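Let's take a friendly walk through the charged pairs of this structure. Have the model open as you read.

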Amino acid sequence: MSASTSARPENENATTLAPAVRRTADYVTMVVAGQLFGIPVLEVHDVFSPSKLAFVPMAPLEVEGVLNLRGRIVTAIDLRLRFGYPARAADAKKMAVVIEHHGEPYSLLIDAVGEVLSLDEALCERNPVNLDPRWRDISEGVYRLDNELLVVLALHKIIKTSNGAMAA
Amino acid sequence: MKTRMQPIGSAWQKLPRIVRDLCNDLNKKIELVMIGADTELDRQVMEMIKDPLTHMIRNSADHGLERPDARTAAGKNPIGTIKLNAFHEGGHVIIEISDDGAGLNIERIRAKAISSGLVSEAEAGQLSEQQFANFIFKAGLSTAEKVTSVSGRGVGLDVVRSNIEKIGGTVDVRTTAGKGSVFTVKIPLTLAIVSALVVEACGERFAIPQISVNELVRASDDSRHRIERIKESLVLRLREQLLPLVYLGDVLRIQDRQTGNHSDSGNPQQRKDEFVVVTQVGTFRFGIVVDKVFDTEEIVVKPVAPILRGIAVFSGNTILGDGSVIMILDPNGIADACGNIRDEQEEDTQEPAAASDASEKISMLVFRAGGPEPKAIPLSLVSRLEEINCADIERSNGKDVVQYRGQLMPLVRISEEYQLRAEGRQPLLVFSDAQRTMGIAVDEIIDIVEDTLKIELSSGKPNMLGTAIINGAATEIADVGFYLLKAFPDWFKESRKSRGKKIQHALLVDDSAFYRNMLAPLIASAGYMVTTVENADQALALRENGTVFDVIISDIEMPGMNGFELAKDIRKDTRWREVPIVAISSNGAKEDFERGREVGFTDYVMKMDRASLLRSLSEIIYANGEAA
């Protein structure tokens, strides 16, 4: 988990495990096209069900639009399109997770939000070598959960590369 | 943003002193009450309102408040009060300047307004007291009986108003006789607030800053203003001018998301009611065509997220009163976008030759025949469009023919299954090739469009070259060569016979797949065996292989070695020195023609001029035949 940032002191759980200090990290899990993803819980500002999106013509493909979140204009990025999945059906349910990047709020549109998982960092592995190059960029690592894999998103890269050239 | 904000109190610092001086000058007792001095507003805005505020305080002190004796007589406190109150309200800063004086003398304002010609007697009868109160902001109106050093000159409040309006604010006055008046100044929090016109195109709403909008014109087929077109360029006759127009939906490349239709600028007739926002950028005036115009709204311009900054047509975004987010259009960006269209068109006419097949624009005749899907043929191949009476179609020797200009013209169907019309009129595309004329029967001629011709999908059918995107729709490109063969199968036999037994071998060099597909059958139809290559290098490689050709047909404009260089190279080497070379070009410049002769081209013909190409080839065949 060296690549990931979130070794947080408050998550250290030294008392229950004597021999080694076990570090855990908390992730908000979400599902995009059946794949489980995780974002460090402290990065998430908001989770809500988006309703009124204003379409932005000529924007990059994955920019679904802009929306008003309590008086702030938030740019919505559809992770399905960002990750190269087909677009979701018009009536399909979607959720938005708001994160901040260089002080600008972005909302990531996903299919569903799962629970918050507190995961042992020892379970985290580096990206498998055969991972799609497009994905290698946006993944910080993979957690081996009991029955599925959780991909930890590299948030700064999601916004950065979708801009083509780095903005700030 | 935060650093720009300052408490309004700093603009009020001098006011107590001014009021004290006024007390002495006017022999009045005035108390100044200031509330909300910590209300913040933009520094720049504050600079702009400092002077108007001072003037209004003076005004209240001089005109508003009575003299102490009059106040005592009216049962009021001899000390008059001027109250300044500042607060935020809905994105604005409100500053109220109220006094507890006599209030405005509406009767006197009415008389003054009529005598100074601001309003006629008849109009005056219809105005309310409140409306008369606002006359004090008009130039040349003072209600003070005598001019003092402080005020009463009738210039003042009109200047105050124009200064406040300059920064997008408003000023209003409410008055109650005997109780006093309240001046309310409403100014934007920051100058980043603009007034914008909300419009809709293709079901999406956008804001256009009002400052660049000159006027709005409603255009429809039955009104005085009609959108007209010169080729693809849309224009509007606006008084004595032709105004260039752009469809907002086209500039923004929005698909109409409700209907799934492409926003189609090519069909202004189908749009009944449109609005033209006449916009001015610098000295360039143009019209933006939108579907709907809503209202003007005061909007706070917020910068767009970094991910969207590259889009030149937007200057920002904002949240409207109803909570929805809207993109603010940048008229400069839109002007650039239509400027680009203009530039591109100029380039097209100036040097069509430089374009490759990917960007070369060709006029295509789009028609429907044997099915709902559109088909197209390069317009330059079509000689005429005709409509004939179905009764005139005769059958002879198993073929449909019509008598046309004293000749029998065979009619070809677009496909085997296609049925000619039984009655009414049958539209025809007429092709003339050398001495022969044939007609292709079609259902309907749709349009002539200029578009790039790039065959995206090759066709399995012999009668179609393939499918290309024309005018935003998948369109089959018909192979005219195929139909010519169908109409005159005997012609080729005859001409072959006359040429002798030897089949001649032609080399076609053209980088454009379209022209290769187009010309190869044509050259074949002239009795040649055709080999096609994409560029000069491939042609020269064939020479190295020892392949022998009877004629070489080469494009001039090719990436890498061009036609002139190829011809020079061919003439230098002994192997192909004697082979006639025909240059084909989409550029008919005379210099090129001369240069072509110099470097050794036998002939020089235009790409689309099939008749000349065939004539040229037959001359060469004839000459070859003589030589053999």
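## Salt bridges overall

Over all chains, a search of the whole structure finds 26 salt bridges, each a side-chain nitrogen of Lys or Arg within 4 Å of a carboxyl oxygen of Asp or Glu. This is a predicted model, in which local features need pLDDT of at least 70 and side-chain atom pairs count only at pLDDT 80 or more, while totals for chains, interfaces and linings use all residues. Residues are numbered from 1 along each chain as its sequence is written, chains are lettered from A and ligands numbered from 1 in the order in which they are written, and side-chain values use heavy atoms, with hydrogens and water left out.

## Two pairs to look at

In chain B, B:Lys292 forms a salt bridge with B:Glu200, with 3.6 Å between the closest N and O atoms. B:Lys292 sits in strand β16 (residues 292-300) and B:Glu200 in strand β8 (residues 193-201), so this pair links distant parts of the chain, 92 residues apart; strands here are DSSP runs (E, at least two residues), as helices are (H or I, at least four), numbered from the N terminus. B:Glu200 is buried at 14%, where buried means under 20% relative accessible area, exposed over 50% and partly exposed in between (1.4 Å probe, protein chains only).

Within helix α5 (residues 106-115) of chain B, B:Arg110 and B:Glu107 are three residues apart, about one turn of the helix. Their side chains meet in a salt bridge (3.6 Å, N to O). B:Arg110 is partly exposed at 22%, and B:Glu107 is exposed at 51%.
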